[in-house]
Amino acid sequence: MTPLKEVPIASFPLERFQTLVGERWGEVETAMRRAREIFAGRVVWHVNSTARGGGVVELLTSLLAYARGAGVDNRWVVINAGPEFFRVTKRIHNNLHGSPGDGGPLGVDERQVYEATCEQNARELASVVRSSDVVFLHDPQTAGMARMLRETGVRIVWRCHVGLDLPNDDARRAWDFLRPYTEDADAYVFSRRDFVWDGLEDHNVWIVPPSVDAFSPKNQDLDPPTVDAILDVAGLREDHGNGAPVFQREDGSPGRVDRTAEVVGGAIPAGAPVVAQVSRWDRLKDPAGVLRCFAEHSELPDAHLLLAGPSVNAVADDPEGAEVLDEVRELRESLGAGAARRTHLACLPMTDVEENAAIVNAIQRHAAVVVQKSIAEGFGLTVAEAMWKSTPVVASGRGGIKDQIVQGESGVLIDDPLDLDAFGTAIEGLIADPTRAAEIGVAARERIREHFLGTRHLTQYLDLLDELIS
């Protein structure tokens, strides 16, 4: 069995975006023509650690399909790795966010585990790439592949999706661990300027914020009856309306939500305002803090809280998910009966990733307020997704969230993610003032349309690769 797994990539027409980008469409058409010329006979490879769950997967699923639709031969492979490797890389991931994580070391033994897995996967990829190709290595899990791939003559881009506004000792420890591997890359891509490591040469660094796909199952328009029907089937809301739980799949075929989420706390009563956070079960997303804020620092007698995340058994590269979910469940059980009755934990099914995306779509559209209370954040794609749906967002002023939200205009930023009173007050204010909430929602969608759609993202990547190849 080969260590790498190739992920199928669809082909989507970029013309979908013509009405959304308006007068900027001419720039997109020019970029498409350039791409076909530059990449004739070349393959652009993308390598990451999982094909299911997380913002990187969502980005690759959409961006590579649109690039393929524009005539670029993109391919996506996922590394094969064991639990010990993912324990090490989760530690690195947490450190890059400035958190000690499990507190474990990054020493000789960890290097041996890391290098053995990376070398095995790099050897397999090196057997199929050509010197004219380009390889994108995504995040810490794949950085160790650069050294061996360098010997093939390919151009290598290391794409780091995580970072910290003000690096601390934990972050620099992760840099020191990864630096011997990332030095073999030709270019580095970060989501924001503050995330760039000390010592990297500016001419090799590119700043490319992530983007959303407005037409994916997670972001496509859904009318209210469809939203209600999806939430009903998923077991998240007590409503038996006349809508059908349907959506359009990536390939244009019809889809339907059939599977039920694993819900703690039962379905939410029809008509109740919903405060929702949708994220991985990760301490850096602080679901326990959201729960404590809702139960102890807000006055919302009629509202319900929904904390939703993926089924913890379905995300292979995140070994801490089950632990975090157990911690949140225990905290919920310790609350008084009244607070527990209005709080709900949902593990969303991941058997069909497009069905999962449709459920997330419905949650974000139905919510009165979406929260993203991250302790640290690379970009926070769930913020952009909720903003695209015109749902007001209250979020930590961390990382790329600050680039998305204009304070008080397209959302509400809380400077200190540990300030539960501030989060509670902001949430209360939006629910109590539907007119202001609606105005923020309209501005939020326009903010995403102007700055965070996939056409901008693809054009930036084209500029990078054009320079790298020439």
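Select Pro-319: this residue is partly exposed, with a relative accessible area of 36% (buried is under 20%, exposed over 50%, partly exposed in between, with a 1.4 Å probe and protein chains only). The model is predicted, so local features need pLDDT of at least 70 and side-chain atom pairs count only at pLDDT 80 or more, while totals for chains, interfaces and linings use all residues. Residues are numbered from 1 along each chain as its sequence is written, and side-chain values use heavy atoms, leaving out hydrogens and water.

Pro-319 sits in the loop between β14 (304–310) and α11 (321–334); helices (H or I, at least four residues) and strands (E, at least two) are DSSP runs, numbered from the N terminus. Glu-84 is 235 residues away in sequence, but 9.6 Å away in space, C-alpha to C-alpha.

Next, go to Glu-250, in the loop between β9 (246–248) and β10 (254–256). Glu-250 is buried and has no salt bridge; Arg-16, the nearest side chain of opposite charge, is 4.7 Å away. A salt bridge needs a side-chain nitrogen of Lys or Arg within 4 Å of a carboxyl oxygen of Asp or Glu; Lys and Arg count as positive, Asp and Glu as negative, and His and the chain ends are not counted.

Last, show α5 (residues 108–126) and α8 (residues 169–182), which pack at about 35° with axes 12 Å apart. Axes are lines fitted to C-alpha atoms, for helices over the stretch in contact, and angles run from 0 to 180 degrees between N-to-C directions. Glu-110, Arg-111, Tyr-114 and Glu-115 of α5 meet Asp-176, Phe-177, Leu-178, Pro-180 and Tyr-181 of α8.

Notes. Contact means heavy atoms within 4.5 Å.
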